[in-house]
Amino acid sequence: MSNEPTAAKEVVVVIGPGSIGLAIARRVGAGRTLLLAAHDEKASQAAAEQLRGEGYEVAVQTTDISELAQVEALAATAAGMGAVTQVIQAAGVSPTQATIERLLHVDLLGTAYVLDAFARVIARGGAGIVVASMAGHRESPYPHEIEHALATTETSQLLALPFLQPDRIGTSVHAYALSKRANSLRVQTAAAAWGKRGARVNAVSPGVIITPLALDELSGPRREWFETVREVSAAKRFGTSEEVAAAAAFLLGRDAGFITGADLLMDGGVTAALRAGELTTP
């Protein structure tokens, strides 16, 4: 039997098919065509082959979400394949992996590009999910004028905001937190645009999930802080990609039909420990 994509099927777009993206794809991709997108073509092809070997129908399009033209091309490809019923934005870089500038271009601006582009092609009854981070809750809420600007500034002007200038941010850790807070706020405002097409969009903000990206962080300069996080959190452990996928599948599915513009924090109690004063920021 062929595993070639079938145009008549619903299309699920998975941007960032790493550990979390793949786990979500497995949850929601059965009987649909999966369109995988990442800046690394080899990684995307490897993920596609893995899914095809498990019985999924998969197509691939190399996409750097920090490039507007590439994001719009991805949305056009997806719409040309069939009804785009689900969009998963799981692409991103971490403070250890990237500079402040790269973090802002990928995690903040890239996510805004995705929300804008797919607001124009998402099918009625469809849904989207943005994988943000507990980091977006760690330093928030920011002053009202900053939160308002992150939520409502025209996407093309986002990185021109004075407080998003690299010399004002200070470190990649702060850039990451700002970017993830922006993800949550942009999802909230994007829900209005998606709603005009009869669709929903939400965010999920995981804590420390054991993935290759997280392992880079756990072996980096903040290693001791992460060990403290595990000790003081209510869960007393780190999370798994499958747990994020279960939450994402709920938000993408019919049982969440009255939920849009929301951000589900799932960090095992880390933010609670911060708010209670049992943990300090790194």
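Me: How many bridges join β1 to strand β4?

Reply: First, this is a predicted model, where local features need pLDDT of at least 70, side-chain atom pairs count only at pLDDT 80 or more, and totals for chains, interfaces and linings use all residues. Residues are numbered from 1 along each chain as its sequence is written, and side-chain values use heavy atoms, with hydrogens and water left out. Strands (E, at least two residues) and helices (H or I, at least four) are DSSP runs numbered from the N terminus, and two strands pair if DSSP finds at least two bridges between them. β1 and β4 (residues 84-89) run parallel, and the bridges joining them number 5.

Me: Which residue in β4 is the bridge partner of valine 13?

Reply: Valine 13 sits on one side of β1 along with Val11 and Ile15. Its bridge partner in β4 is valine 87.

Me: What stands opposite valine 12 in β2?

Reply: β2 (residues 33-37) also pairs with β1, in the parallel sense over 5 bridges. Opposite valine 12 there stands leucine 34.

Me: Is Val14 of β1 buried or exposed?

Reply: Buried means under 20% relative accessible area, exposed over 50%, and partly exposed in between (1.4 Å probe, protein chains only). In β1 (residues 11-15), 5 of 5 residues are buried. Both faces are covered, and Val14, on the side with Val12, is buried.

Me: At what angle do α3 and α4 pack?

Reply: Axes are lines fitted to C-alpha atoms, for helices over the stretch in contact, with angles from 0 to 180 degrees between N-to-C directions. For α3 (residues 68-81) and α4 (residues 100-119), the axes are 9 Å apart and the angle is about 35°.
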